[in-house]
Amino acid sequence: MALTYNTTSTYAWGTFVLTPSSGAANGVGFIAEDFSATQGTWLADRKDNVGNPNGALGGMEAITGRGTLQLANANVVAPQPFDEFTRVLRPGASANTFFFTEISFPKKQRDFDVVEITFREKV
């Protein structure tokens, strides 16, 4: 469900606001209609000299995600690829820094514009 964009300082209760900290949209707050992030793992099986499994190695991958951001109007500068933002994803955890990897061109949704985004953790 989309929330109506009010101003850069007044949002509806419970609204998720994403604010880039670099680039052309630095300091502009965008309402996130949806925001999902995942953190995968990598796993490599280890085998002995005759091919029998004898262990595995694993680790965490960079966090990636996607979302939809509302623009206040068509004149608001949309985030650009490689603009950064910071977000705490797990309660009690430190904030992670992310950068946008893809930004769609703005499209009209009811009475406001939206952009689709993908992002990746800066490691």
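Thr 68 stands opposite Glu 116 in strand β7. That strand covers residues 112–121, and eight bridges join it to β3 in an antiparallel arrangement. Strands here are DSSP runs of E with at least two residues, numbered from the N terminus, and two strands pair if DSSP finds at least two bridges between them.

Before I continue, colleagues, a word on the source. This is a predicted model, in which local features need pLDDT of at least 70, side-chain atom pairs count only at pLDDT 80 or more, and totals for chains, interfaces and linings use all residues. Residues are numbered from 1 along each chain as its sequence is written, and side-chain values use heavy atoms, with hydrogens and water left out.

Strand β3 (residues 53–71) also pairs with β2 (residues 30–47), antiparallel over 15 bridges. Within that pairing, Leu 57 of β3 is the bridge partner of Ala 44. Five residues lie between the two strands of this hairpin, and Gly 51 there has a positive phi near 95°.

Of its 123 residues, 28% are buried, meaning under 20% relative accessible area with a 1.4 Å probe, protein chains only.

Finally, confidence. The mean pLDDT, the predictor's confidence in each residue from 0 to 100, is 85 for the protein, and 88% of residues reach 70 or more. Over residues 1–8 the pLDDT is below 50, and this stretch has 20 contacts in the model beyond near neighbours in sequence, a contact being heavy atoms within 4.5 Å.

Terms used:
Buried means under 20% relative accessible area, exposed over 50%, partly exposed in between (1.4 Å probe, protein chains only). Helices (H or I, at least four residues) and strands (E, at least two) are DSSP runs, numbered from the N terminus.
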